[in-house]
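Let's take a friendly walk through this model together. Keep the viewer open as you read.

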Amino acid sequence: MAVTDRRERLDPDMDKIARAGLKELGDIRIDDVLSFIDRGIEKMPSYMDLYRRWESQQWSVGDLDFSLDRVDWEQSSEIEKKATLWSHRLFFNGEERVTATLAPFVWAAPTPEIEIFLSTQMVDEARHTVFFQRWWHEVVGTDAKDLSTLLAEIRPHANEGYNTLFYDLLPATAQRLASNPKDFDAFVEGVTMYHIVIEATIALTGQRFELESMREQGLTDRGFYQGFTAVARDESRHVNFGIKVLQEAVRSDAERYAPLIQKTLLQCLPLITGVLDPPDPTYITEFGHTESEILQFAFDSLNKRLRAIGINLAA
Ligand SMILES: [Fe+2]
Ligand SMILES: [Fe+2]
């Protein structure tokens, strides 16, 4: 049998999550979606497995219905509105930033399988950006005539960690790859920052707490819940990919690549705390959580990914 015909075998529970449509995603817990990453760590999927997962996990922003979300929004308190806007500004702008900077990674891909997977990821990130654009128009409301006007309107200026990560370090890495696509060191550093720091540690932590608090409030039939769970399922594929790339690099030459990954992580660690730190602590405590609980979850996730890659931060 040709390699390309080989199907990934998943147990029935995992298969249900892997194949769920948007409506069914309302019945699925974010922690079960995230368990795909841990499963990937036990039995690493191939790049083409991840490609095939992408094919079977297509979804459309246009299929979501935000009418109940709109009613919720009108009835929500000032503090709820402020907290949601704080978080969604970071996500919306962040999705656009990662869409804009991924192309050089495709060009610098060391193998065609990696190039193919990263091409699917570019489409995902574009779709995530459109997801937030539509949510903003239909739930919050805006007069912005086009996406760049809306992005300028929602850009989170006040967050220093965020600015450094998304407007300084990430574009600089993408530029290094664009200038020299054969620079595999830059590719390893870029995947560490993009897939491990931004996606695995920051984005999935924020998504996990927001989706869990929507579930606790019985809001799983909302368009936002279903779409954001689909986003999280996409992100879990991206994170599996990032772990795989770095694990292979470390296995091929630990002396060279482990210190490069560690150096990038040390540079980004204070920024993780900065991004997840809200301007007002009630943005978190109002929803029954604490900032230290969120940071703990973020760093536990990061440590799990690092163990899978085969390094630890202290080494
Ligand atoms: Fe994304
Ligand atoms: Fe992503």
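Ser-301 counts as buried because its relative accessibility is 7%, where buried means under 20% relative accessible area, exposed over 50% and partly exposed in between, with a 1.4 Å probe and protein chains only. You will find Ser-301 in helix H15, residues 291-309; helices here are DSSP runs of H or I with at least four residues, numbered from the N terminus. A polar atom of the Ser-301 side chain lies 2.8 Å from the backbone oxygen of Phe-297.

A word on the ground rules: this is a predicted model, in which local features need pLDDT of at least 70 and side-chain atom pairs count only at pLDDT 80 or more, while totals for chains, interfaces and linings use all residues. Residues are numbered from 1 along each chain as its sequence is written, chains are lettered from A and ligands numbered from 1 in the order in which they are written, and side-chain values use heavy atoms, with hydrogens and water left out.

Now turn to the metal. The iron ion (ligand 1) is coordinated by Glu-95 (OE), Glu-125 (OE), His-128 (ND1) and Glu-235 (OE), at 2.0 to 2.3 Å. Donors are N, O and S atoms within 2.8 Å of the metal (3.2 Å for Na, K and Ca), and sites may look incomplete because water is not among the atoms. Along the chain, the donors of this iron ion (ligand 1) follow the spacing E-x29-E-x2-H-x106-E. Glu-95 sits in helix H6 (residues 78-101) and His-128 in helix H8 (residues 112-140), so this pair ties together parts that are 33 residues apart in sequence. Glu-95 and His-128 are both buried. Glu-125 also coordinates the iron ion (ligand 2), which is 3.3 Å from the iron ion (ligand 1).

Next, the pockets. A pocket is an open set of points on a 1 Å grid over the protein atoms alone, where a 1.4 Å probe fits, with protein on both sides within 12 Å along at least five of seven lines; lining residues have an atom within 4 Å of a point. The largest pocket has 43 lining residues, and Ala-83, Thr-84, Ser-87, His-88 and Glu-210 lie nearest its centre. H6 supplies the largest share of that lining, 11 residues.

H6 also gives the most to the lining of the second largest pocket, with 5 residues. This second largest pocket is lined by 13 residues, with Trp-86, Pro-156, Ala-158, Asn-159 and Pro-279 nearest its centre.

How values were computed
Helices (H or I, at least four residues) and strands (E, at least two) are DSSP runs, numbered from the N terminus. A polar contact is a pair of N or O atoms within 3.5 Å; within protein, one must be able to donate a hydrogen and the other to accept it, and residues adjacent in sequence count only if both atoms are side-chain atoms.
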